[in-house]
Amino acid sequence: MPAVTVENPLTLPRVAAPVAAHTRPALAVATAPSGFEGEGFPVRRAFAGIDYKHLDPFIMMDQMGEVEYAPGEPKGTPWHPHRGFETVTYLIDGTFVHRDSHGGGGVINDGDTQWMTAGSGLLHIEAPPESLVLSGGLFHGLQLWVNLPKSDKMMAPRYQDIGGGNVKLLTSADGGALLRLIAGDLDGHQGPGITHTPITMMHVTVNPGAELTLPWRKDFNALAYALAGRGSAGAEGRPFHMGQAVVFGTGDSVTIRADESQESRSPNFEVVLLGGLPIREPMMHYGPFVMNTHAELAQAFEDFQAGRLGTIPAGEH
């Protein structure tokens, strides 16, 4: 980790917050509980325990792995439905195959992202390729759920394949951090992901002892999740480490720092930074459906059971 990098970050465009920017405080740090998803792959529930008012427009995020599979062990998910939101799958190590009943799909490898807008509904499956099942190997990634406003919940499904080579690479003012901008705008730089809900998503690598301060839209929320290593967040330097999420308060810049000493298995502080424009609508989430009312959830289940969200291709039941 990570898959997409450069030999010399100082060759990249540099991003820094204005000197007069107000740094957002770190309001809370939450530790992600561990569990299992799909056919049994290990996950950390990154946002568990965080009030939705701090997450909106994000719903949940799972850190998948990091796990070293033996031959025959790699697992995925069975066919399952979604309606009313977007799933963003970012793969750091390994290979995953996505297919859906709307014709979208493809293979993602180290550093790639798949952005699936479920909209009015579809069925999809995520699984390791047969070659990885046979060989085993390292698997590590994220899946983020992004809510859609009521006006977009029943839009036609859409699929985006964002190769790792297409992410926008940036660096901090002193070159001490590498930024991989997957979606959204950062200081005039644009990530490749096309979003219905305005968000910013990036994976940053911060060198030991380095500090990263980024400009941040005042009307966005701000969240950080540590994939590996340890450091601190906010002007007050609130500590957080691998498997912990930070909720930031208000302001127009975000600061994280990496501790001088890092883990032997991860030489740098690896963090996902997220921000989005809150939708501020009722959010009803049950299983694979995210709607505005209980009646809409009931309709989603009825449509799924009636086969109106799509059908599994022949021979794959």
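## Cavity

The structure, a predicted model, holds 1 cavity of 30 Å³ or more. On a 1 Å grid over the protein atoms alone, a cavity is a set of points where a 1.4 Å probe fits but cannot get out, and lining residues have an atom within 4 Å of a point. The largest cavity has a volume of about 40 Å³, where volume is the space filled by probe spheres set on the points, and grid points are joined across faces, edges and corners.

Thr87, Thr89, His98, Gln114, Trp115, Met116, His124, Glu126 and Tyr159 form the lining of the largest cavity. Two or more of the lining residues come from each of β7 (85–93), β10 (113–117) and β11 (122–127); strands are DSSP runs (E, at least two residues) and helices likewise (H or I, at least four), numbered from the N terminus. The most is given by β10, with 3 residues. By class, the lining of the largest cavity has 3 nonpolar, 5 polar and 1 charged residues. Here Ala, Val, Leu, Ile, Met, Phe, Trp, Tyr, Cys and Pro count as nonpolar, Asp, Glu, Lys and Arg as charged, and the others, Gly among them, as polar.

## Pockets

A pocket is an open set of grid points with protein on both sides within 12 Å along at least five of seven lines. The largest pocket contains about 300 Å³ of space. Its lining has 18 residues, of which Glu37, Thr77, His80, His82 and Trp145 are the closest to its centre. β4 (41–45), β5, β6 (80–82) and β12 each give two or more residues to this lining, and β5 gives the most, with 3 residues. The lining of the largest pocket divides into 7 nonpolar, 7 polar and 4 charged residues.

The second largest pocket holds about 210 Å³ of space. Of its 16 lining residues, Lys53, His54, Phe220, Asn221 and Pro278 are the closest to the centre. Two or more residues each come from α1 and β23. By class, the lining of the second largest pocket has 6 nonpolar, 4 polar and 6 charged residues.

## Nonpolar cores

A nonpolar core is a set of buried Ala, Val, Leu, Ile, Met, Phe, Trp, Tyr and Cys residues joined through side-chain atoms within 4.5 Å; buried means under 20% relative accessible area, exposed over 50%, and partly exposed in between (1.4 Å probe, protein chains only). The largest nonpolar core has 32 residues, and Phe47, Phe58, Met61, Leu144, Met201 and Leu274 have the most contacts inside it. At least two residues of this core come from each of β5 (58–69), β7, β12 (137–147), β15 (177–183), β18 (199–206), β20 (223–228), β23 (244–248) and β25 (269–276).

Leaving aside neighbours within four places in sequence, Phe47 is in contact (heavy atoms within 4.5 Å) with Leu55, Phe58, Met60, Met61, Leu144, Leu223, Ala245 and Leu274. Another core, of 28 residues, lies apart from the largest one and includes Leu179, Leu186, Val206 and Leu273.

## Backbone features

A cis peptide bond, with omega of about 20 degrees, joins Asp56 and Pro57. Pro57 is in the loop between α1 (52–55) and β5.

Asp187, although not a glycine, has a positive phi of about 55 degrees. Asp187 lies in the loop between β16 (185–186) and β17 (189–190) and counts as partly exposed because its relative accessibility is 43%. Arg280 also has a positive phi of about 55 degrees and is not a glycine. Arg280 is in the loop between β25 and β26 (284–286) and counts as exposed, at 67% relative accessibility.

## Basis

Residues are numbered from 1 along each chain as its sequence is written, and side-chain values use heavy atoms, with hydrogens and water left out. In this predicted model, local features need pLDDT of at least 70 and side-chain atom pairs count only at pLDDT 80 or more, while totals for chains, interfaces and linings use all residues.
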